[in-house]
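Hello,

Here is the structure for you to look through. Please open the sequence and the model side by side before reading on.

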Amino acid sequence: MYDVIIVGARCAGSPLAMLLAKQGHRVLIVDRATFPSDIMSTHYVQPEGVKRLQDWGLYDRVMASNCPPIPSITFTLAGVPFVPPKDPALPDAICPRRTVLDKILVDGAREAGAEVRESFSVQEILVEDGVVVGLRGRNSDGSAVEERARVTVGADGQHSIVARTVQAGEYDTHPAATCGYYSYFSGVPLKDGGAEAYVGNDAGVLAFPTNDGLTCIGAGGPHDIFHAYRADIEGTFYRLVQQASPAFAERVRAGTRAERWIGTADTANFFRQPFGPGWALCGDAGYHKDFVTGLGISDAFRDAEFLSEGLDAGLSGRQPLDEALDAYQKRRDEAAKPMYDVTVQFAQFPSLEEMAAAAASASQATAAAESAGTQA
Ligand SMILES: Cc1cc2nc3c(=O)[nH]c(=O)nc-3n(C[C@H](O)[C@H](O)[C@H](O)COP(=O)(O)OP(=O)(O)OC[C@H]3O[C@@H](n4cnc5c(N)ncnc54)[C@H](O)[C@@H]3O)c2cc1C
């Protein structure tokens with residue numbers, strides 16, 4: 001019998017396992033993937049997320065992978081450049097490949113004392129008398145196994161089997177509004193080693209420096225162009241980059257695509273009720289939004305920290321578990337809501353003035369909510 005079983009071992013699950021194991025809890029974490037492995041995601045980590053990697057003692061390992069720090073991000077909205085001011089208390093953003101980042105996170109969980117099972121596929125969440133009591137799954141050799149815990153956590157992405165089983169309610173929902181494809185390019189250096197974002201004419205482009213001297217570039221448009229985009233990825237990608245910025249399109253054309261295209265229109269926005277009898281949700285499983293603002297990884301880190309504190313308070317008996325998890329939900333929602341609203345708005349390709357006003361008020365609200373959250 002474990003204290004906590006976690007399904008999913010990436011940005012939400014592994015930090016949660018690491019933090020709980022460090023608090024002395026008996027933790028099992030499983031993933032159908034093996035590590036290192038990739039997942040569909042660009043991987044810009046916001047300064048708040050980088051700060052957590054530093055706090056957890058994992059930052060140096062990420063930087064040792066030769067992942068460049070990103071000193072600035074320049075947004076060019078309808079041709080007008082804008083560099084948001086940096087918070088001097090926070091480190092530079094980074095954009096490590098998920099093959100690099102997720103492996104470091106899983107290793108961190110294992111070293112902290114969590115039991116990690118890779119290549120383990122969860123088939124069923126076990127519910128007895130309305131309480132989640134564990135799971136049934138398959139090891140890599142196909143053998144079936146059942147494991148039990150006081151709390152089973154879904155850190156298993158937006159299509160979470162845990163959320164599906166308990167029918168976790170959704171709120172503040174907004175339908176998918178964008179779609180996009182990305183790949184990796186050589187020969188497209190970015191200005192001063194910073195990230196670049198271009199928005200205009202119903203197109204958005206994001207470009208980040210990443211490992212191995214490559215530049216990760218994504219181009220998105222409204223959700224309803226997805227079928228046409230998929231039918232002609234190369235043509236649509238360059239058309240969208242041209243629409244957003246003819247000058248940047250020229251730089252991209254001068255480079256060489258080094259890897260395959262990856263894309264999606266699976267960009268729905270929702271919060272889910274993140275706890276109930278015997279279960280909790282963390283990361284994308286509990287709160288999903290459009291990738292346009294590049295927040296998912298940093299938000300998953302934050303939610304892992306908040307949930308670990310709630311579970312620790314509940315499992316150690318300092319506070320009734322449901323009260324502690326109710327506090328987790330409130331902290332999560334308060335911290336996430338300002339940038340969630342901006343994300344939903346940006347995904348609609350609003351006017352330049354609307355974007356600037358939304359970004360300014362959200363950054364103030366987020367800073368206030370984060371600092372209230374860390375003081376709770
Ligand atoms: C195109 C795109 C671009 C993005 N760009 C960025 C960006 O630049 N910056 C950013 O911060 N975020 C970005 N995101 C969002 C980011 O990828 C997610 O928010 C983040 O990966 C969430 O982490 P997670 O741990 O919650 O879930 P995931 O990373 O989805 O991990 C879930 C894990 O659960 C495992 N799992 C699921 N079901 C089972 C099962 N039944 N049994 C066993 N294991 C299971 C999976 O194998 C997986 O490893 C992007 C997303 C997309 C799609």
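The model is predicted, not determined by experiment.

Domains

The chain is divided into two parts. Domain 1 is made of residues 2–37 + 99–173 + 269–375, and domain 2 is made of residues 44–96 + 178–266. Between the C-alpha centres of domain 1 and domain 2 there are 25 Å. Where the two parts meet, 32 residues of domain 1 are in contact with 28 residues of domain 2.

Cores

The largest nonpolar core has 50 residues, and the members that touch the most other members are I6, L53, V153, F301, L307 and L311. Helix α9, which covers residues 296–315, gives the largest share of this core, namely eight residues. Where does this core lie relative to domain 1 and domain 2? It lies between them, because both domains give residues to it.

Leaving out residues up to four places away in sequence, I6 touches G13, L16, A17, L20, V27, L28, I29, V30, V153 and A155.

Helices

Helix α10 runs over residues 321–346, which makes 26 residues. From the first C-alpha of α10 to the last, the distance is 37 Å, close to the 38 Å expected at 1.5 Å a residue. Where in α10 is there a kink of about 45 degrees? The kink lies at K337, shortly before the proline P338.

G314 belongs to helix α9 and is buried, with a relative accessible area of 9%. Setting aside residues up to four places away in sequence, the residues that G314 touches are Q319, L321 and A324.

In helix α2, the residues P47, G49, V50, R52 and L53 are buried. After α2 comes G57, which has a positive phi near 75 degrees.

Y59 is in helix α3, residues 59–63. Apart from its neighbours within four places in sequence, Y59 is in contact with V50, L53 and Q54. Two of these, V50 and L53, are among the buried residues of α2. A pair separated in both sequence and space is Y59 and A347: they are 288 residues apart in sequence, and from C-alpha to C-alpha they are 31 Å apart.

Cysteines

How many disulfides does the model have? The count comes to zero. A disulfide is a covalent bond between the sulfur atoms of two cysteines. To be counted here, two cysteine sulfur atoms must be within 2.5 Å. The cysteine sulfur closest to that of C67 belongs to C95 and is 7.1 Å away, which is too far for a bond. C67 is buried, with a relative accessible area of 3%. C95 is in no disulfide either; for C95 the nearest cysteine sulfur is that of C216, at 5.4 Å. C95 is buried as well, and its relative accessible area is 0%.

Backbone details

F35 and P36 are joined by a cis peptide bond, with omega at about 5 degrees. P36 is in the loop between β2 (27–30) and α2 (47–55).

Which value of phi does S119 have? Phi is positive, about 55 degrees, although S119 is not a glycine. S119 sits in the loop between β7 (115–117) and β8 (121–128). Its relative accessibility is 25%, so S119 counts as partly exposed.

D202 is not a glycine either, and its phi is positive at about 60 degrees. The loop that holds D202 is the one between β13 (195–200) and β14 (203–209). With 44% relative accessibility, D202 counts as partly exposed.

Regards

Conventions: Residues numbered from 1 in each chain as written. Predicted model: local features only at pLDDT ≥ 70, side-chain atom pairs only at ≥ 80, totals over all residues. Heavy atoms only, no water. Helix = DSSP H or I, 4+ residues; strand = E, 2+ residues; numbered from the N terminus. Expected span 1.5 Å × (residues − 1). Bend = angle between axes of the 7 residues up to and from the residue. Core = buried A, V, L, I, M, F, W, Y, C linked by side-chain atoms within 4.5 Å. Buried < 20%, exposed > 50% of the residue type's maximum accessible area, 1.4 Å probe, protein only. Domains from an automatic or database assignment. Contact = heavy atoms within 4.5 Å.
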